[in-house]
Each structure stands twice: as structure tokens, then as C-alpha cells.
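Please consult the sequence and the structure shown here while reading.

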Amino acid sequence: HGEAISGGNDWANLATELKSVGELYYLAFALYIVFVTLGVLNVVTGFFVDGALQSSAESKEEMMQQALEEKNKAMELIRGMFEVLDADGSGNVSMEELEPGLTSPTVCGYFADLGIEAGEAKPLFELLDFRKQGEVDITAFMEGCITCSRNPRAFDFCTIDCQNRRLDVVIDEVWTICRELSAKHSA
């Protein structure tokens with residue numbers, strides 16, 4: 001009966017009438033009600049789940065798009081700061097260029113926008129100058145600033161990363177010296 005499903009008539013009233021006809025009819029009607037109710041619930045649940053999955057996929061895409069936009073914004077901020085700091089236009093920032101910049105409200109504003117304390121700028125520069133050349137190019141500067149701006153403990157991770165790079169340089173130098181010594185010893 002459609003009335004039992006749609007709420008037009010209480011299914012218990014209809015089931016009582018069927019019970020008087022026979023227990024088998026009563027049981028078949030009860031199974032029919034259960035089957036149809038579960039089927040309807042399954043379809044309704046399917047609609048909700050499908051909607052949630054579509055919303056989740058859109059949300060993931062939006063989150064990825066937002067993260068990309070934030071990274072691009074940070075890259076533009078860093079590029080702008082680099083241009084301000086690179087007083088001689090060499091494409092590198094030296095410690096001599098960095099130090100006066102740290103008293104500039106513009107540069108301090110750039111660092112603040114990135115979530116980097118102005119006091120962390122010199123240690124960051126020293127970390128990024130892992131070859132100890134006294135200057136940092138825009139690529140290393142951008143990578144370092146992006147890494148350090150990600151979260152409050154990022155500077156610690158940046159420190160470890162830069163120390164690992166510095167260690168790689170030292171190991172390469174030691175390896176080169178060992179090969180040269182081995183070549184001289186063999187000859």
C-alpha cells in the first residue's frame with residue numbers, strides 16, 4: 001500500500017487488518033515496509049553522500065587554489081623585498097645591503113607580512129649563505145623566506161635544512177680533497 005509508505009495511513013492499522021487474514025500476509029507486509037523504508041533511506045542517504053563528496057572535491061580544489069594564491073602572494077612579497085634590499089641591482093643581497101634594510105619600515109613590513117620576525121632576518125641570511133660567500137641570490141632568498149614563513153616553528157626547520165646544505169658543501173669539498181690526495185698518492 002502506498003498509503004503506508006507515504007504516511008497517508010499508519011502502517012500499523014493496515015498491518016492489523018492483514019493479521020486477521022493471515023500471519024504470512026502480516027509478515028510479508030512488515031518485510032515490504034522495512035524493504036521500502038530502507039530503500040528510500042538508502043536513496044536519500046546517497047543524495048547526501050554524493051552532495052558531500054562533490055562539496056569535498058570542490059573544497060579540496062578551493063583549498064589547493066587558495067594555497068597556490070597564498071604562495072604566489074608570498075613570492076611577490078619576497079621579490080619586492082629582495083628588490084628593495086638589492087641596492088646595487090646585482091641580483092644578490094649582501095649582508096651590507098641587508099643590515100640597513102632591517103631598519104627600513106618597508107622591509108620590516110615585508111618580513112611581518114610573511115610572518116617572519118625582523119630579528120630572524122640576519123640569522124636567516126647567514127643560514128641561506130651556506131657557501132659563506134657573503135651574499136644570497138634571489139632563488140635561495142625566496143626559498144628560505146617561503147620555508148620560514150610557513151609556521152611558527154618553520155625557522156627551526158629552515159635552520160636544519162640550511163645546515164644540511166652547508167654540510168653537503170663541506171662533504172663535497174672533503175670528497176674533492178680526498179680524490180686529489182688519492183690521485184697524488186697513486187701517481
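## Contacts along the chain

What percentage of the contacts in the chain with a separation of 6 or more comes from residues 24 or more positions apart? Such residues account for 59% of these contacts, a contact being heavy atoms within 4.5 Å.

The model is predicted: local features need pLDDT of at least 70, side-chain atom pairs count only at pLDDT 80 or more, and totals for chains, interfaces and linings use all residues. Residues are numbered from 1 along each chain as its sequence is written, and side-chain values use heavy atoms, leaving out hydrogens and water.

## Secondary structure

The chain contains 8 helices and 2 strands, arranged along the sequence as α-α-α-β-α-α-α-β-α-α. Helices (H or I, at least four residues) and strands (E, at least two) are DSSP runs, numbered from the N terminus.

## Surface and burial

The chain exposes about 12,900 Å², of which carbon and sulfur atoms supply 59%. Accessible areas come from the Shrake-Rupley method with a 1.4 Å probe, and for residues only the protein chains shown count as cover.

Of the 187 residues, 27% count as buried, that is, under 20% relative accessible area.

## Aromatic pairs

The whole structure holds 2 aromatic pairs. One of them joins F82 and F141, with 5.4 Å centre to centre and 55 degrees between the planes, and is tilted. F82 lies in helix 3 (residues 23–85) and F141 in helix 7 (residues 138–149), 59 residues apart, so the pair links distant parts of the chain. Rings of Phe, Tyr and Trp (its six-membered ring) pair if their centres lie within 6.5 Å; planes under 30 degrees apart count as stacked, over 60 as edge-to-face and the rest as tilted.

F82 counts as buried because its relative accessibility is 3%; F141 is likewise buried, with a relative accessible area of 3%.

How values were computed. Buried < 20%, exposed > 50% of the residue type's maximum accessible area, 1.4 Å probe, protein only.
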